[in-house]
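Student: I would like to learn how to read a structure like this one. Could we go through it feature by feature?

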Amino acid sequence: MKIALVSVSLAFALACSTTEPRARVTGTVPDRASFPPVAELLVHRCGTLDCHGATFRDLRIYGSLGLRLSPSDRPVSKGQTTREEYDEDFASVVGLEPEILSAVVASGGANPERLTLIRKARGTEHHKGGSLWQTGDAQDRCVTSWLAGKTDVADCIDATDASF
Amino acid sequence: MRLRNLAFVCATALMCDPVNGAAIAALGDEAPGVPRGPLHRPGQPCVLCHDGSVGNPPEFTVAGTVFVNANDLTPAVDAGVMLTDSLGVSFPATTNEVGNFYVLPHQFQPTYPMKVAVTYANVTVSMTADVGRDGSCARCHLDPAASASPGHVYVPADGGTP
């Protein structure tokens, strides 16, 4: 009986332990200024309303083809993603795995597959939306070049305009 | 006996997805005088129920409703719905008298993402965005139009974006 009580108490104690609510991660993030072309790719490939264009997603993508930030804006207004939506998308992407992202950025974008975002897009980790692109193609280069601090805008534009 | 009990518990657990259950309940009852079948629940997210789960109605891989106008629910009868998946495989569906169409698994199982084009009254409109993973048109195309929904599917007479 005593063992049972101790076990229950322990279980409750573990269940109620939380992280320090004011804890913050500081690290290096990719460049915000060169993010819009990357965001447009993410809006196109990830941000449809039935995928990451939804408020219940950890990776939440706002943009002209899907979820809109302003209540007065409507989806499917190609090319009209707002600056505020880019800000939200940036915050969402850099907030997913901040420590790993910081390490990837600090190493000049080396081994970007350390990030779940990259693994899922490449399909090397289970992803409900399947494999979105292949390692080294224009879409992949768009995101990984941004992580490396030298965003290839031409790749991003090509990748966004291309059909799947 | 134990095996039978275990099987019952497993089957019950599979049928009781609380998220789906709440979403289905929110759709409300059947419209009076409309029996379950191809003509029921136009404009609702079909695959929510028709998902092939235990105890559910026939599975649909893709299904939805096409309307004529943005501002009312006049059905687009005999509209053509062309579905093309990421492997380039296409499947043509046609809407019935209430604007509904549905696709069965043996007919077409898309590899997402998927493109959709709708033709009605000699006007063809292609969706600007791709379908990412959900076979129900109304999963995204809900009324009223809002920041998270373009509103119900319709075919603008001028061929603009639906």
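Student: What percentage of the 164 residues of chain A count as buried?
Tutor: A residue is buried if 20 or more other C-beta atoms lie within 10 Å of its own, exposed if 12 or fewer, and partly exposed in between, with C-beta atoms placed from the backbone. In chain A, 35% of the 164 residues count as buried. For chain B, buried residues make up 36% of 162. This is a predicted model, in which local features need pLDDT of at least 70 and side-chain atom pairs count only at pLDDT 80 or more, while totals for chains, interfaces and linings use all residues. Residues are numbered from 1 along each chain as its sequence is written, and chains are lettered from A and ligands numbered from 1 in the order in which they are written.

Student: What pLDDT does chain B average?
Tutor: pLDDT is the predictor's confidence in each residue, from 0 to 100. Chain B averages 89, and 87% of its residues score at least 70. For the complex, the predictor gives an ipTM of 0.81 and a pTM of 0.83.

Student: How many helices and strands are there in chain A?
Tutor: Helices (H or I, at least four residues) and strands (E, at least two) are DSSP runs, numbered from the N terminus. Chain A has seven helices and zero strands. Chain B has two helices and six strands, in the sequence pattern α-α-β-β-β-β-β-β.

Student: Why does Leu41(A) count as buried?
Tutor: Leu41(A) counts as buried because it has 27 C-beta neighbours inside 10 Å. Leu41(A) belongs to helix α2 of chain A, residues 36-45.

Student: Which residues does Leu41(A) touch, not counting those up to four places away in sequence?
Tutor: Two residues are in contact if their C-beta atoms, placed from the backbone, lie within 7 Å. With that exclusion, Leu41(A) touches Gln139(A), Cys142(A), Cys156(A), Ala159(A) and Thr160(A). Cys142(A) is 101 residues from Leu41(A) along the chain, yet their C-alpha atoms are separated by 8.1 Å.

Student: How many residues of chain B are in contact with chain A?
Tutor: On chain B, 19 residues are in contact with 19 residues of chain A. That side of chain B divides into eight nonpolar, seven polar and four charged residues. Here Ala, Val, Leu, Ile, Met, Phe, Trp, Tyr, Cys and Pro count as nonpolar, Asp, Glu, Lys and Arg as charged, and the others, Gly among them, as polar.

Student: In what order do the four strands of the open sheet come?
Tutor: Two strands pair if DSSP finds at least two bridges between them. The open sheet of chain B has the order β3-β2-β5-β6, with antiparallel pairing. Its edge strands, each pairing on one side only, are β3 (90-94) and β6 (123-126) of chain B. Strand β2 (residues 80-85) of chain B pairs with β3(B) over five bridges, and Thr84(B) stands opposite Ser90(B) in β3(B).

Student: Which residues of strand β4 of chain B are buried on each side?
Tutor: In a regular strand the side chains alternate between the two faces of the sheet. Strand β4 of chain B covers residues 100-103, with Asn100(B) and Tyr102(B) buried on one side and Phe101(B) and Val103(B) buried on the other. Four bridges join β4(B) to strand β1 (residues 62-65) of chain B, and the two run antiparallel. Tyr102(B) is the bridge partner of Ala63(B).
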